Amino acid sequence: MSFTYFLKRAAFAALALAALMISAFFLVRLTGDPVNLYLPVDASEAAREAMRVRLGLDHSLLAQFSDWAWDILSLDFGVSLWHNRPAMDVVLEALPNTLALGAIALALAFTAAIVMGSIAAVNAGGWIDRGVNVLSQAAASVPDFWLGLMGVLLFAVTFSILPTSGFGGPIYWVLPVACLFARPFGTLVQIVRGSMIEALNATFVRTARAKGARDGRVTFVHALRNALLPAVTVTGDLAAQFAGGGGVVEVVFGFPGIGKLLIDGILKRDFAIVQASIFAVAVVIFVINILVDMLYGSIDPRVRVE
Amino acid sequence: MKKIPAIHALGMGVAMSLAAGVAIPARAAPDKLTVVVTDEPKSLDPCDTDLSGNSRILHNNITEALVNLSPKDGSVVPSLATSWRQVDSLTWEFKLREGVTFHDGKAFDSSAVIAALKRAQDPALACEVGLATLKGLKLNAQIVNPTTLLIKTDVVEPILPNKMSALDIGSPATPGDTKTRTPAGTGPYKLVAWTPGQSVGLAAYEGYWGDKPTIPNATIIWRAESAVRAAMVDTGEAQIAYEIAPQDGTTEQDHAFPNAETSLLRIDAQIAPLNDKRVREALNLAIDRDGLIGTIFHKDAQKAMQVVPPSVFGFNPDIPVWTYDPEKAKSLLAAAKADGVPVDKEIVIYGRIGIYPNSSESLEAIQAMLADAGFNARLEMLETSPWLKRLLKPWSKDRQPSILQTQIDNAEGDAVFTLPNRFTTDGNQSTITDAGLDKLIADGTKATGEERKRLFQQAFKYIAVDAVNIAPLFHMVTIARVAKNVNYTPDVQAGNEIKLKSISYR
């Protein structure tokens, strides 16, 4: 990947980011006035109006937009109404937790999917393949919140080997990671299996076998390397989804990540939090996309993005 | 060197990371108590105790007020003030407790109370106590000496001590121009840390003036899921969990307690067909309250006849509870229809997601009951923000006929905390315009003793029997799960106040 290509991507990303942030500004304001949520129901109309003035909500939407755009240019995302702190500080506390959670879950899912998908492809049509199929279909379709609550019931309440929820040492990550692991694992197994079956029947694999390459080498070097590209593409998409937070999982386990923050921000009409979260997540997604492009090139030298 | 196969390396890696991190989750320890609630507090500023999520951490744990209300009968009992008296119709005198210090070492005296009052009434700070409990009241405090204080009101306020129970006193060092996240009070516990998104840690205050807490450390955490909160007590990660859903609260560790909330449907009596009293009566008669108790609502909920529970001063015990009589409801609708009332018009039932456990299910059942009686009712469940738009004025003149799911909290113990905003012409949530009722409530607000009680009882009767602009449902209960080794019995104030000091291990 050349530097020029990177600059071009960055320029397009900046344009997309600007469009996204402008849309976010208007869309969050369509969800309604936050004042009623932040004052006691018994507060007078005068108190409500005073808060609207304090927040600048009495100005026209265009005037609010111009103030906001000016602040955003200096990366000032404002103060969170709910947290009463700079919104970006709150977002940057939550974002690393979500990224770590997503990265661990996705790395494990990707690795396990390659192994299981390859085994299923090698034994295509056999009972192992059918077993892997059932397992992966189940994993891809099980709802996060159900898996989370069952995990709590089984591993925390019944066996007492894991905490129900919370945030701390590695043991607190096991259940959230396991819940986030399931869906990408199921999806990726299906993709790896399909592309591996195709690769194993390709002419270059037959050539490799004819040249006397061992089964393991044929499967995991010759075929797998060629079968990986679709899995990498899907993993990139999944990573982008995970960057936005494992919403339900974070809520169930009280995990202080960006997904929970964003959900709370929307429900509490905390415009600054919503906008700062969208900005941070969009930047991460841009970085993920660049990394995926770079990975393409290293997996398959025939792919060169210019 | 022998290469390790990738799968083995992965397995070893996972095993090693788990082994390194395996530590038994926090379990019960005699010096530590963990309480799990539903939400993170919005604010820990002493002037924001009107919101229960803030109050249950702050009130009587970190900060205290001049007086408290007894959970038994709502009477005013001493706290930071030892006595009080009404000097004249506009002046109250409070004698303050001596030898009290704040967690930051500053002394508690009259000037601290004045500073707290000033903050609470500062419009720029928008304190919840100032905007709600002390709304419409101008308080002017004067120091007589460090332990004696005069508070003058601009209007007659016979229950000023009750209202002062909502004003928590923070240290005089609390910033006057901004809210604080690190409150220093006089309470039995001082704040150790508020870790955003995770927990609030408290430690017993050595210099506390009253009985010392038996558990030196307390942590408040929050989980949104009722099943997770309940499980945390089972595993020993928490000792007390609040707001357990009825379907999860089925063990002997689950204690249901009245929470001072009354659930009801507010009828918009200004829009046809609901502007006809027969239609509003039919609506009440169509609801099978007995069928809802023990199924969708907790079995210990009490059928309500008015919008405050019996513990509130002014409660009227003589108002009859609505019976379930769908046939009479049908005949009332038929009579109204014969007189040209558009009873077939669609009525929207506005509900709020999660206002109480099973809130959606309760309205689905009520919608079906109304349909059986002949109403054309459509259910619309809303999240809090759009629901508030329906609850609070101003409303469009062209709005659809509607009934609104709500619940009214009155932990303060006097009818004045419920009536003016909800049932007077100027009330910001009121769908009723009635000069007679306005006068009853205004007179009751100024009166004292038996006269006050009589006037408020009349007002409640008028609302429920004459105006019929509500469909009262139940005096509600909340379920708390308490660990077997913990001594704690939640009372009517437990929704707003976790009395950590009173909790001990068996």
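## Ground rules

Because the model is predicted, local features need pLDDT of at least 70 and side-chain atom pairs count only at pLDDT 80 or more, while totals for chains, interfaces and linings use all residues. Residues are numbered from 1 along each chain as its sequence is written, and chains are lettered from A and ligands numbered from 1 in the order in which they are written.

Chain A has 13 helices and zero strands. Helices here are DSSP runs of H or I with at least four residues, strands are E runs with at least two, and both are numbered from the N terminus. Along the principal axes, the C-alpha atoms of chain A fill a box of roughly 85 × 55 × 30 Å.

Of its 306 residues, 42% count as buried. Buried means that 20 or more other C-beta atoms lie within 10 Å of the residue's own; 12 or fewer makes a residue exposed, anything in between partly exposed, and the C-beta atoms are placed from the backbone. Looking at contacts in chain A with a separation of 6 or more, 71% come from residues 24 or more positions apart. A contact requires C-beta atoms, placed from the backbone, within 7 Å of each other.

## How H5 and H13 cross in chain A

Helix H5 (residues 87-122) and helix H13 (residues 271-299) of chain A have axes that come within 9 Å and cross at roughly 45 degrees. The axes are lines fitted to C-alpha atoms, for helices over the stretch in contact, with angles from 0 to 180 degrees between N-to-C directions. H5(A) and H13(A) are therefore oblique to each other; under 35 degrees would be roughly parallel, over 145 roughly antiparallel, 65 to 115 roughly perpendicular, and the rest is oblique. The crossing of H5(A) and H13(A) is right-handed, meaning the near helix is turned clockwise from the far one by less than a right angle, with anticlockwise being left-handed.

On the H5(A) side, the contact uses Ala87(A), Met88(A), Val90(A), Val91(A), Leu95(A) and Leu99(A), which meet Ala272(A), Ile273(A), Ala276(A), Ser277(A), Ala280(A) and Val284(A) in H13(A). By class that gives 11 nonpolar, one polar and no charged residues. For the classes, Ala, Val, Leu, Ile, Met, Phe, Trp, Tyr, Cys and Pro are nonpolar, Asp, Glu, Lys and Arg are charged, and the others, Gly among them, are polar.

Arg269(A) sits in the loop between helix H12 (258-267) and H13 of chain A. Though not a glycine, Arg269(A) has a positive phi of about 50 degrees, and it is buried, with 23 other C-beta atoms within 10 Å.

## Where the chains meet

In the interface, 45 residues of chain B are in contact with 41 residues of chain A. On the chain B side, the elements giving two or more residues are helix H1 (6-21), helix H4 (128-131), helix H6 (226-235) and helix H11 (384-391). That side of chain B has 22 nonpolar, 11 polar and 12 charged residues.

## A four-stranded sheet in chain B

Four strands of chain B make an open antiparallel sheet in the order E5-E6-E8-E7; strands pair if DSSP finds at least two bridges between them. Strand E5 (81-88) and strand E7 (139-145) are at the edges with a single partner strand each, so one side of each has no neighbour in the sheet. From one strand to the next, the twist averages 20 degrees.

E5(B) and E6(B) are joined by six bridges and form a hairpin with two residues between them; Gln86(B) is opposite Trp92(B) in E6(B). Strand E6 (residues 91-96) also pairs with strand E8 (residues 148-153) of chain B over five bridges, and there Phe94(B) faces Leu149(B) in E8(B). Helix H3 (residues 110-120) of chain B lies across E6, E7 and E8, running at about 170 degrees to E7(B).

Helix H7 (residues 277-285) of chain B has eight of its nine residues buried. Its cover includes strand E14 (254-267), helix H9 (326-338), helix H10 (359-373) and strand E19 (470-482) of chain B. In the loop between E14 and H7 of chain B lies Pro273(B), and the peptide bond from Ala272(B) to Pro273(B) is cis, with omega near 5 degrees. Another cis bond joins Lys393(B) and Pro394(B).

Technical notes: Two residues are in contact if their C-beta atoms, placed from the backbone, lie within 7 Å.
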